[in-house]
Amino acid sequence: MAFINRLWTHFSGDTKQLQKQTDALKIGILGAANICNMALLNPASKLPNVLIYGVAARDRQKAEAFARKHYIPKRFCFEVYDNYDQLLADPDITAIYNPLPNGLHYEWTMKALRSGKHVLCEKPMTNNAQEAREMVDEAKKQNRLLVEAFHYRYHPFCRETVKNTISNRDENGPVRSITGVFTVPEKFLQNNDIRFQYPLGGGAQMDLGCYLVSMCRYIVNTHNNRTEQNEGEFEVQKAKALRVSPTNPQIDRGMRSEFQLDGIQCNIYNEFTNDWSFMKQQLVIECEKVTITIAYLIAPVFYHYLTIRQRDNGQTRTIKNYGDNQSTYYYQLKAFAEAIRCFQNDGSLDRAYEIVYTTGTSAIRNMEIIDEIYRKAGLLVRGTKN
């Protein structure tokens, strides 16, 4: 029954966005990606201070169908924008959600920032670290928030349960190693999926592996009492691309890699598997005194657990934290809206980034590690040429 209640809370919502505050944050969407409903529309329907104001797509008919389906009002009608530039030029829109393919994040996020918009950009924030640096510089220049949508970080399971557990050095002892796995059945994807197109920033390491890199960094930083503004050094030791097609030689359907973060060994494996196995997302953290296993950190609203197993006696305890049964995306959007309001009130980006902590600066380090993984695997860094 608890599982059914969580599903109901997650998927239900006022899709007509009624009873919004008069000063609600107006968000425009670049594109009509499938993720929009789960990542933006559903959580926005539950937040009175957030209004999905307009949508633009390269295909206007697709945008119109998207708007009709989800009742996106622009001045209380189903009107949509003819193109992305027209949406960015609308002074009524304060913030942009960018769910475009990875290879288009840089171009349209830069344009959005230059149009004076705050940006919530889907992960990974861009093709490579250099593009991420330029985006961060532009956000600072325009005095606007740039947030990478690593939604899992905002759920109580991560920001409370995982954080408190990893921070308990007295009980755990030093972290010795982290092993991460993230697999998804490939059967759910078409051969022409954007994840398998190099010009669009495709690859398993970009899509699945970016989560594992982010999660390893979060655990290491939490354990070592660092922030993402003063992370330790990293070194990618080895990487191997899995199931690379001869006809698509730069696209990894999977990746194994080993690297050190601030002196802690991390081994990760991600793959779009070629069977019907269930999705698996797990982290195993070997400490001096305990073994900590974290399962399904990416989408804890459905199911998750954290177990702590004592090395000396084998005793195990399990912790869960469903919060108020909302999704990671709900907490992320709530924080994004609160951060913009904070910025509007006192003009401080630093205070706003205390609320939305998956920043562009964090994205730079994530992409630095991903870039090096691709180099070690003998593949091109996304967005580059021979």
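Biologist: In what kind of crossing does α9 pass α12?

Modeller: This is a predicted model, in which local features need pLDDT of at least 70, side-chain atom pairs count only at pLDDT 80 or more, and totals for chains, interfaces and linings use all residues. Residues are numbered from 1 along each chain as its sequence is written, and side-chain values use heavy atoms, with hydrogens and water left out. Both elements are helices, which are DSSP runs (H or I, at least four residues) numbered from the N terminus, as are strands (E, at least two). A crossing is left-handed if the near helix is turned anticlockwise from the far one by less than a right angle, and right-handed if clockwise; that of α9 past α12 is right-handed.

Biologist: Why is α9 described as oblique to α12?

Modeller: Axes are lines fitted to C-alpha atoms, for helices over the stretch in contact, and angles run from 0 to 180 degrees between N-to-C directions. Angles under 35 degrees count as roughly parallel, over 145 as roughly antiparallel, 65 to 115 as roughly perpendicular and the rest as oblique. Helix α9 (residues 204–223) and helix α12 (residues 360–376) have axes 10 Å apart and pack at an angle of about 120°. That angle therefore makes α9 oblique to α12.

Biologist: How many residues of each class form the contact of α9 with α12?

Modeller: Contact means heavy atoms within 4.5 Å. On the α9 side, the residues include M206, C210 and V213, and they meet residues of α12 that include M367, I369 and I370. Ala, Val, Leu, Ile, Met, Phe, Trp, Tyr, Cys and Pro count as nonpolar, Asp, Glu, Lys and Arg as charged, and the others, Gly among them, as polar. The division is 9 nonpolar, 4 polar and 2 charged.

Biologist: How are α5 and α6 placed relative to each other?

Modeller: The axes of helix α5 (residues 102–114) and helix α6 (residues 129–142) lie 9 Å apart, at an angle of about 10°. The two helices are therefore roughly parallel.

Biologist: Which peptide bond is cis, with omega near -20°?

Modeller: The proline concerned, P124, lies in the loop between β4 (118–121) and α6. The cis bond is the one from K123 to P124.

Biologist: Which residue other than glycine has a positive phi near 55°?

Modeller: The residue lies in the loop between α6 and β5 (146–148). Its name is N143.

Biologist: Which residues supply 30% of the area that domain 1 buries against domain 2?

Modeller: Domain bounds come from an automatic or database domain assignment, which gives domain 1 (1–150 + 328–359) and domain 2 (152–324 + 367–377). Buried area is the accessible area (1.4 Å probe) that two parts lose on being put together, summed over both. Between these domains it is about 2500 Å², with 60% given by carbon and sulfur atoms. More of the area that domain 1 buries than any other three residues supply comes from F150, Y331 and Y357.

Biologist: What distance separates the centres of domain 1 and domain 2?

Modeller: The two domains touch, with 27 residues of domain 1 in contact with 27 residues of domain 2. Taken over C-alpha atoms, their centres are separated by 26 Å.
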